Amino acid sequence: MKQSRTGSAFVLLGMIIASAGIFASSISHAATLSKTSCGAVVGTIYRDDTQAFATGSTVYVTLPGTSVNAGVPAGKKRCVTVRFSATASCGPSPQADHCQVEAVLAGTHFAGLMSPQSAQLNFVSEDSGQSAHSFTWVLTIDEPSAVSMRVRVAAPGTIFVLRAWTMEVQISAAPP
């Protein structure tokens, strides 16, 4: 019996849909969703730069100009929200190119403290053009701290270029 092309297409489409359903159901939600509540904004600090910055360092380096002091009155808590946006490129090189950023509080990266928690956030991967990227971190602190951004590449030979960036540090009241 000869099957029509239309029938074959429907069989193939059904197989694809079934496979997608099996694949989607096999993905586990490994990360735990978190919620950080912040109160009224008490201050916002903006930093930006249009001077290109490039690094091939596999060790995190501080992005010049990103150091911001987050003040906290004695006995109080503050919610600090850091939003970093940039036009960036990563690579090209023979290996998989991953260029990473992290928000830093007084020299210790936010991984394990910030929400979302990630020690190796791939800000841009395998992109030799100029494309826009953005990420936001949130943390409640109870003492004055300096906030800054650090960048690195995951593999030697990769070049991470930030052509223009904006950093917003918003300081809000924190619930008791």
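This is a predicted model: local features need pLDDT of at least 70, side-chain atom pairs count only at pLDDT 80 or more; totals for chains, interfaces and linings use all residues.

Me: How many residues are in the largest nonpolar core, and which have the most contacts inside it?

Reply: That core has 29 residues. Val 82, Phe 84, Met 149, Phe 160 and Met 167 have the most contacts inside it.

Me: And which strands each supply at least two residues of this core?

Reply: β4, β5, β6, β8, β9, β10 and β11.

Me: Switching topic: how many salt bridges does the structure hold?

Reply: Two. In one, Glu 168 pairs with Arg 83, with the closest N and O atoms 2.7 Å apart. Glu 168 is in strand β11 and Arg 83 in strand β5, 85 residues apart.

Me: Is Glu 168 buried or exposed?

Reply: Buried, because its relative accessibility is 15% and the cut-off is under 20%. Arg 83 counts as partly exposed, at 31%.

Me: What about the salt bridge of Arg 150?

Reply: Arg 150 meets Glu 102 there, at 2.4 Å from N to O. Arg 150 is in strand β10 and Glu 102 in strand β6, so the pair ties together parts 48 residues apart in sequence. Both Arg 150 and Glu 102 are buried.

Me: Now the threonine. Where does Thr 66 lie?

Reply: In the loop between β3 and β4. Thr 66 counts as buried because its relative accessibility is 0%.

Me: What lies 2.8 Å from a polar atom of its side chain?

Reply: The backbone oxygen of Leu 63. Further along the sequence, Thr 66 touches residues including Arg 47, Trp 165 and Met 167.

Conventions: Residues are numbered from 1 along each chain as its sequence is written. Side-chain values use heavy atoms; hydrogens and water are left out. A nonpolar core is a set of buried Ala, Val, Leu, Ile, Met, Phe, Trp, Tyr and Cys residues joined through side-chain atoms within 4.5 Å. Buried means under 20% relative accessible area, exposed over 50%, partly exposed in between (1.4 Å probe, protein chains only). Helices (H or I, at least four residues) and strands (E, at least two) are DSSP runs, numbered from the N terminus. A polar contact is a pair of N or O atoms within 3.5 Å; within protein, one must be able to donate a hydrogen and the other to accept it, and residues adjacent in sequence count only if both atoms are side-chain atoms. Contact means heavy atoms within 4.5 Å. A salt bridge is a side-chain nitrogen of Lys or Arg within 4 Å of a carboxyl oxygen of Asp or Glu. Lists of a residue's contacts leave out its neighbours within four places in sequence.
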